[in-house]
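These are my notebook entries on a structure I went through element by element. I kept each entry to what I looked up.

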Amino acid sequence: MNAFRPDGAIGRATPRIEGAAKVTGRARYGADQPVAGALFAALATSAIARGRIVAIDQSGLARIAGIRMVLTHANVGKAVKPGRWFLNGGAMSTTAAPLAGPQVRYAGQIVAVVVADSFEAARDGAAALRFTYAEEAPAASFDSPGAREVKPRGLNPTTLDHGDVDAALAAAAHSLTLDYETPAQHHNPLELFQTTCAWRDGRLEVWESSQSVRSQKFGLAKQLGISPSRVEVHSPLAGGAFGSRGDLSQVTALVALAAKRLARPVKYVGSRRQGFTTRTFRAETRHKLRIACDAAGKLTGIEHLSWELVSRTEAFTLAGADTTSRLYAIPAIRIRAHAVEADRQTPGFMRAPPEVPFAFAMESALDELAHTAGIDPVALRLANDTNVDPVNGKPFVTRGLAACLRAGAKAIGWDRRSSTPGAVRGGGDYVGLGCASAFYAAQIGPADAEVTLMSDGRARVRVGTHEIGQGAATLVAQVAADRLGLAAAEVDVEVGDSELPPTILQGGSTGAASAGNAVLMAAEAIRARLVQAAVAGPGPLGGADPAEIRFRDGMLVAGNRAERVADLAAAVGGGKPIVQRSTHLPARVPPGLGPMLMRRGIPVMLGGHRMFRKRLGYSFGAQFVEVRVDAVTGEVRVSRMVGAFAAGRIINPVTARAQLTGGMIWGVSAALHEATEIDPRTARYVNADFGEYHIPVHADVPQVEAMLIDEDDPTLNPLGIKGVGELGIVGMNAAVANAVFNATGRRVRRLPIRPEDVI
Ligand code: MOS
């Protein structure tokens, strides 16, 4: 068991510390930053998806007062340099520099920036520009003329051959060939994409919500051709991110360039519609699965072929089958991931990037196989549970899948499910239950953190992690509070700034583990000094056994003896604050290189199959959904959903549950509501606004419950954190689709599920 034993604040339900500021409007986002004399920037984006700008008529600007500058490819060109794709510290969603030339590669590409005295004048100016294009017919998506297969690039292996798949499929008692499809989707954080850029004495300050302030610092410096020491990025909080603020935007360097040329601060707030094309998105995917089991439901083989839509400039591919098919005991596996390029912007990471589309295919296929074989879907998953990776035989450090499946099944009343589709009616509805497994790699990166204990007993944490709405600031306060015997409210927190002790990007559910353990190290070092002073000193704890001392309620306590933290802090610090800076280096991160890359904004991240040399680290869960399908209209409503999750140590059940239920709700959205519609003729997004890009409202999600299964894994990292940011959404698509099948007998293999699919 874990030697680590919390004293108080760790594990305690704690409201988020920035919550009140957010809901009362006091929270400041990028463009809210008060700067004197700011000008305003607005974007013009391309109406065509493929071709060249031939002319730009700016005569319409004459009628608008207060226009200061128009940036186009004619006056930007090489002034903004291309970033390196994928590696941060220069990472952009694309290697194509904005406004580098007249070429148009996708609809909604930035083609001009207008800067004016007011937001309105800039917006009107951008709308008044007239572009003449030499247009070519674009390829919109998979089947368009001009779309072509290219070599995939990405983080995950795109091919895998293990065992004799063809023999397994041929010999199996039950074997299915199944096609699945998921649509393009866009992360739409509530906070619009926005920034403030200001120069002073050759130094650039940027206020912009970010998941990676260090990569912004280094990436912007590279784009602008200046030293990173001249760029500061401030992102104290973000109004949501979900992957959309992880890489450099196409906008910020242009806003910074305008600010430099005009010698005035410039602010930018993009429109919702522009957010659809100036940041990344989740690309559409296709899957062909062949999957087989024996008469008892033991899986014997799987082939998972996948296709992902990519841009002309980067074959960004997620290749999630390497995860989804290795989580069960399958003796024969074949994986092939393909990339198909079209005239579209480069896709990127969106909450549970590979798992969401790939688990839809895998977890739907398991449901189909269970039905074919006449085996309960929960029983089928339990029968194929494994403690080792089927390919390399490495054990999972901890694996809570079976416990989650059992707990979730009990909570939703799975034993009352009919295995005959369409058998249960309730009022005018068909009622069904579905399930799926959830899983996510437990990931972590290096982090620096600074903890200060004041002589009055309050503490301060400074760490360059990112508060993107998930509760990072509260979590690091809790960790420091726990070790120093304080309440979380007695800890002041600074996060989200490129000048703070750095950590890696907030992505891949790494934030709590990365920053949390660095804060733990720093706080433990201070704690040790207080303990040392207490046992060596003349006070009530003099001569006490250090191992017996706990910290709680502002006191060091051993048996019935106690001493105030504040008194010891004053004594140890000699009346001055005690400052401790520490670096947490996860297992397998090289000591010299790892922190160096991390400090340059490069995402040094280990987890899942890349965690330990001999073991695997994953969190698990199980999703259970009840749907009601209107017998007349075919409308699908989720009436209940339960998720059970085993995700290591939970530092804050309030924010962890919010992450998990938020993920589940988004999963319902992806299954039933969301799709970015692409016009096949123009390759333009036709529903790029909240009027027509559907997301669930309150009435779409009547009941959602996330259960936390205790899991103590001392081998992962000192705090035993696995991360919960993405886990909750994984599996939800399939759980909903499987429930729809159970309710109606209609198997929907293309998302989102629409009334016409089931009517
Ligand atoms: Mo997450 S898609 O790694 O922000």
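**Entry 1: basis.** I worked from a predicted model.

**Entry 2: helix α4.** I compared the length of α4 (residues 213-224) with expectation: its 12 residues should span 16 Å at 1.5 Å a residue, and the end C-alpha atoms are 16 Å apart, which agrees. I then looked up burial, counting a residue as buried under 20% relative accessible area. In α4, 11 of the 12 residues are buried, so the helix is largely enclosed by the rest of the structure. The buried set includes Arg214, Gln216 and Lys217 as well as Phe218 and Leu220. I noted that the buried residues of α4 pack against β10, β11 (203-207), β12 (231-234), α5 (252-262) and α14 (593-599). Just after α4, I found Gly225 with a positive phi of about 70°.

**Entry 3: Trp199.** I located Trp199 in strand β10 (residues 194-200). Leaving out residues up to four places away in sequence, I listed its contacts as Leu204, Leu224, Ile226, Ala256, Ala259 and Lys260. I also checked Glu135, 64 residues from Trp199 along the chain; their C-alpha atoms are separated by 38 Å.

**Entry 4: helix α11.** I repeated the length check on α11 (residues 472-484), whose 13 residues reach 19 Å between first and last C-alpha, close to the 18 Å expected. I found 13 of its 13 residues buried, so α11 is largely enclosed by the rest of the structure.

**Entry 5: nonpolar cores.** Which members of the largest nonpolar core touch the most others? Of its 88 residues, I recorded Ile291, Phe624, Val625, Val627, Val736 and Ile753. Helix α8 (residues 355-373) gives the most to this core, with 11 residues.

**Entry 6: second largest pocket.** I looked up the space in the second largest pocket and noted about 610 Å³. Its lining has 30 residues, with Leu43, Ala44, Thr45, Arg273 and Gln274 nearest the centre. Strand β1 supplies the largest share of that lining, five residues. Among the other elements that supply at least two residues each are α2 (119-128), β6 (130-135) and α6 (272-278). By class, I recorded 19 nonpolar, seven polar and four charged residues in the lining.

How values were computed. Residues are numbered from 1 along each chain as its sequence is written. This is a predicted model: local features need pLDDT of at least 70, side-chain atom pairs count only at pLDDT 80 or more; totals for chains, interfaces and linings use all residues. Side-chain values use heavy atoms; hydrogens and water are left out. Helices (H or I, at least four residues) and strands (E, at least two) are DSSP runs, numbered from the N terminus. The expected span of a helix is 1.5 Å times one less than its number of residues. Buried means under 20% relative accessible area, exposed over 50%, partly exposed in between (1.4 Å probe, protein chains only). A nonpolar core is a set of buried Ala, Val, Leu, Ile, Met, Phe, Trp, Tyr and Cys residues joined through side-chain atoms within 4.5 Å. On a 1 Å grid over the protein atoms alone, a cavity is a set of points where a 1.4 Å probe fits but cannot get out, and a pocket is an open set with protein on both sides within 12 Å along at least five of seven lines; lining residues have an atom within 4 Å of a point. Grid points are joined across faces, edges and corners, and a volume is the space filled by probe spheres set on the points. Ala, Val, Leu, Ile, Met, Phe, Trp, Tyr, Cys and Pro count as nonpolar, Asp, Glu, Lys and Arg as charged, and the others, Gly among them, as polar. Contact means heavy atoms within 4.5 Å.
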